[in-house]
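My notes follow the model.

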Amino acid sequence: MAVMPQRARSQEAKLRRAEDLLDAARALAAERGGVRHVTLAAVTEAAGLHPSAVRRYFDSKEELLLELAERGWHQWRDALIAHLGGAHGLPPARIADAVATTLAAQPLFCDLLTHVPLSLEGEVGIDRARRYKTSSFAAYDAIVDALTGAGTMTTGQVQDLITMALGVTANLWQLAHPTPTLAELYAANPRWGHVALDFEPRLNRLLQAAAAGLAATGVPG
């Protein structure tokens, strides 16, 4: 009888420490200008753990960041569904606005969209990669269903809009959040400052144009 409570406490402590590491990674990404500047050493220090302890919870920085990306999908899904608020019959422009607004409100997720296909999901074990794919696609399906049910766009049109939203967001986010070196160059040479520096307004305009085009061309559902 004395063993079971100890196991429960140990498991609870393990989960809490894993959350501490994730919280530290989120904070460091925000403070340092993106996940590309996050290191495991800094994460463990910020979480108050010994550097060797992180391997008990995450095999690598890539696995830790992939966990944040997986959670980002579900956070975006929940935010989008809440934003739609049970609406019906929304025109393509309103659907695009909902996608852009809720994506832009998830800065860490926007940042991670670049890194997931580039370095994260391919650098973890197959079981972890499978778990990420299963979880992210479940969130994706819920997002497609919510947008299709809320508006006048077909399922195929919504899927294409999301494909564009993810790709454009991954690119524009990085351009809109330059490294200190690039920021210095842009300050000295304003013309070099990419037009994507107005991240959310440009994302919204591009997605509204895409949604209008998809609806006009009659992409099948």
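How closely do the axes of α3 and α6 come, and at what angle do they cross? I find them within 10 Å, crossing at roughly 15°. That makes α3 roughly parallel to α6, since angles under 35 degrees count as roughly parallel, over 145 as roughly antiparallel, 65 to 115 as roughly perpendicular and the rest as oblique. The axes are lines fitted to C-alpha atoms, for helices over the stretch in contact, and angles run from 0 to 180 degrees between N-to-C directions.

Source note. The model is predicted: local features need pLDDT of at least 70, side-chain atom pairs count only at pLDDT 80 or more, and totals for chains, interfaces and linings use all residues. Residues are numbered from 1 along each chain as its sequence is written, and side-chain values use heavy atoms, with hydrogens and water left out.

Overall fold. I counted 9 helices and 0 strands in the protein chain. Helices (H or I, at least four residues) and strands (E, at least two) are DSSP runs, numbered from the N terminus. The C-alpha trace spans about 65 × 55 × 30 Å along its principal axes.

Back to α3 and α6. Their crossing is left-handed (the near helix is turned anticlockwise from the far one by less than a right angle; clockwise would be right-handed). I listed the residues that meet, with contact meaning heavy atoms within 4.5 Å. From α3 they include Leu66, Trp73, Arg77 and Leu84. From α6 they include Arg128, Tyr132, Ile143 and Ala150. By class I have 15 nonpolar, 3 polar and 6 charged residues in this contact. Here Ala, Val, Leu, Ile, Met, Phe, Trp, Tyr, Cys and Pro count as nonpolar, Asp, Glu, Lys and Arg as charged, and the others, Gly among them, as polar.

α3 itself. I checked its length next: 24 residues, reaching 35 Å from first C-alpha to last. That is close to the 34 Å expected at 1.5 Å a residue (1.5 Å times one less than the number of residues). Gly85 follows α3, and its phi is positive, near 60°.

α3 and α5. What is the crossing angle of helix α3 (residues 61–84) and helix α5 (residues 107–120)? It is roughly 130°, and the axes come within 9 Å. That makes α3 oblique to α5. The crossing is left-handed. On the α3 side I note Glu62, Leu65, Leu66, Leu68, Ala69, Gly72, Trp73 and Trp76. On the α5 side I note Leu108, Phe109, Leu112, Val116, Ser119 and Leu120. The classes are 11 nonpolar, 2 polar and 1 charged.

α6 and α7. Helix α6 (residues 126–150) and helix α7 (residues 155–176) pack at about 125°, axes 9 Å apart. That makes α6 oblique to α7. This crossing is right-handed. Tyr140, Ile143, Val144, Leu147 and Thr148 of α6 touch Thr155, Val158, Gln159 and Ile162 of α7. I get 6 nonpolar, 3 polar and no charged residues.

Record check. UniProt, in an unreviewed entry, gives "domain: HTH tetR-type" at residues 15–76. I find that stretch 68% helix and 0% strand, with end C-alpha atoms 23 Å apart. UniProt also places "DNA-binding region" (unreviewed entry) at residues 39–58. Those residues are 40% helix and 0% strand, with end C-alpha atoms 13 Å apart. UniProt positions are in the numbering used here, feature names are shortened, and annotations may be inferred rather than shown by experiment.
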